[in-house]
Amino acid sequence: MCETKAPILAGKVALVTGGRGGIGRAICERFRSEGAVVYPADITKSGSMNASGETAKPGTRDGPFIRLDVTAEDSVRSAMARIGRDESRLDVLVNAAGIEIEKTIDETTLEDWNRVLAVNVTGTFLTSKHALPLLRQAARHSGSASIINFGSYDGFIADPGLAAYCASKGAVHALTRAMACDHGPEGIRVNAVCPGYVDTPMLQSFFAGDGSGGAGQTLGELQTAVRDVHPLRRYGTPKDVANLVNWLASDEAAYASGQLWVLDGGLTAQVQQMRL
Amino acid sequence: MMDRVAIVTGGSRGIGRAIVDRLVRDDVRVITCSRSSRPRDLPSPVVWVRANVADTTDAEGVVSEALSSFGRLSLLVNNAGVQIEKPVADSTDADWDRVIGVNCRGVFNMCRAALPPLTDAGGVIVNIGSISGVQADPGMALYNASKAFVHGLTRSIAIDHGPAVRCNAICPGWIVTGMADDAFALAKDPDAARLDAVRRHPSGRLGVPADIANLVSWLASEDAAFVNGACLTVDGGLTAASPLNPGLF
């Protein structure tokens with residue numbers, strides 16, 4: 001962290017769903033370093049990570065871990081009730097909980113479909129809906145509150161064998177704009193970040209799964225080849241995403257709302273590259 | 001019903017020639033032009049003008065020729081275009097003049113000259129943009145930028161000159177023409193390069209000039225009466241997929 005700069009989230013209360021995943025964890029860490037009180041929430045204490053839980057840095061106040069199933073309305077209600085009791089408001093909601101299933105629609109069962117839509121779309125709906133009273137409190141208190149949803153570059157264009165995931169992210173994009181229109185007048189900003197290939201457990205699972213379909217190459221060769229299609233010649237890191245989420249959560253982004261922020265190392269600035 | 005009259009720029013070969021042939025089949029009276037001389041196999045009813053659309057006087061001359069030959073104008077298809085394969089750092093003033101001259105100024109020249117007669121009779125403009133005007137092809141900086149200009153001008157004409165004139169753009173992907181063949185010829189293994197390109201297209205093939213001519217024909221028809229200011233992509237699904245196509249690695 002940068003000692004010379006004032007923390008830009010000082011005093012803000014933030015809830016990060018998927019807070020134990022690759023990206024969610026980086027967001028929590030960055031928020032803490034910027035002075036926010038962070039409530040990491042996830043379905044299990046380890047989330048999608050095997051690593052042990054992190055601890056708050058000395059001198060920072062940390063909200064406790066909240067066990068949260070974003071697809072269950074009771075679970076969402078009780079998470080919000082807890083934050084309401086402890087903090088009386090919520091300045092920042094980050095909807096980072098998400099799953100993917102590597103299948104075409106031919107292979108996708110109704111159960112698969114419902115599961116992906118439940119976490120990625122219904123989850124975003126439920127947490128946002130039940131956070132609204134606390135977000136309004138924050139907006140009255142400090143002038144603005146912010147919701148940051150997780151879209152994906154896959155909500156714009158398709159990766160093969162990810163049909164339900166692509167559809168779910170397109171839904172999040174539309175929901176983001178709709179919420180921004182409906183709740184902007186109350187001082188609530190709503191944006192989505194749309195990451196490309198970010199080095200997380202989910203990406204490793206994509207490479208290992210059937211969807212990636214490497215043509216007789218080792219996993220390492222495949223990952224290098226994919227990396228080199230990126231104009232920046234690297235994958236995104238959870239920290240890259242946290243940098244953007246941090247800015248969108250801050251008052252620096254006071255006029256940013258209803259937008260879909262693509263963060264992909266330049267990947268989608270290009271047309272598909274033929275191998276000439 | 002009076003025959004429709006169309007100007008197609010760059011109609012000597014490739015996509016332009018396919019548009020000319022299609023409009024002739026649609027019973028449209030066609031006048032076409034390029035900087036070269038009349039192709040020998042151009043159907044005889046088609047009027048040929050040697051013209052450089054980057055030149056204002058030449059462009060006005062093409063419109064005058066249409067009016068003197070057929071008495072009116074109903075359709076303008078701005079197809080003439082050039083590409084130079086260079087990034088910005090290597091692009092010369094001459095490259096700029098050539099690409100921007102034909103692809104931007106040429107489209108502007110032709111639209112400006114054709115708008116009065118198109119407005120009189122109620123007309124249609126179809127510009128040929130490109131998927132490269134939306135997402136970048138590497139090493140084609142001026143071309144990419146020139147096609148984005150075409151998309152922007154298309155929307156402006158639609159809002160400024162409707163309802164008398166409808167103006168739309170088509171964004172072709174990889175169409176098998178001399179231009180595409182040149183690109184494959186540069187590959188280390190041209191056959192492998194062609195196969196790779198085909199596999200990136202959900203439609204399972206590259207485009208052919210007739211694919212673009214089909215859409216020109218439709219956009220010029222009454223079926224497209226409510227289509228205005230649109231940039232329509234015809235690329236066999238290429239840009240619906242991510243630039244990353246891990247299945248091909």
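**Loops, a helix pair and an interface**

Q: In chain B, between which helix and which strand is the loop where B:Pro163 is found?
A: The model is predicted, so local features need pLDDT of at least 70 and side-chain atom pairs pLDDT 80 or more, while totals for chains, interfaces and linings use all residues. Residues are numbered from 1 along each chain, chains are lettered from A and ligands numbered from 1 as written, and side-chain values use heavy atoms, without hydrogens or water. The loop holding B:Pro163 lies between helix H4 (141-161; helices are DSSP runs of at least four residues, strands of at least two) and strand E6 (165-172).

Q: Is the peptide bond from B:Gly162 to B:Pro163 cis or trans?
A: The omega angle of the bond joining B:Gly162 to B:Pro163 is near 0°. This peptide bond is cis.

Q: What is the phi of A:Arg233?
A: A:Arg233 sits in chain A, in the loop between H6 and helix H7 (238-249). Although A:Arg233 is not a glycine, its phi is positive, at about 55°.

Q: How many salt bridges does the rule find across the interface of chain B and chain A?
A: The contact takes 28 residues from chain B and 27 residues from chain A. Across this interface, the number of salt bridges (a side-chain nitrogen of Lys or Arg within 4 Å of a carboxyl oxygen of Asp or Glu) found by the rule is zero.

Notes
Contact = heavy atoms within 4.5 Å.
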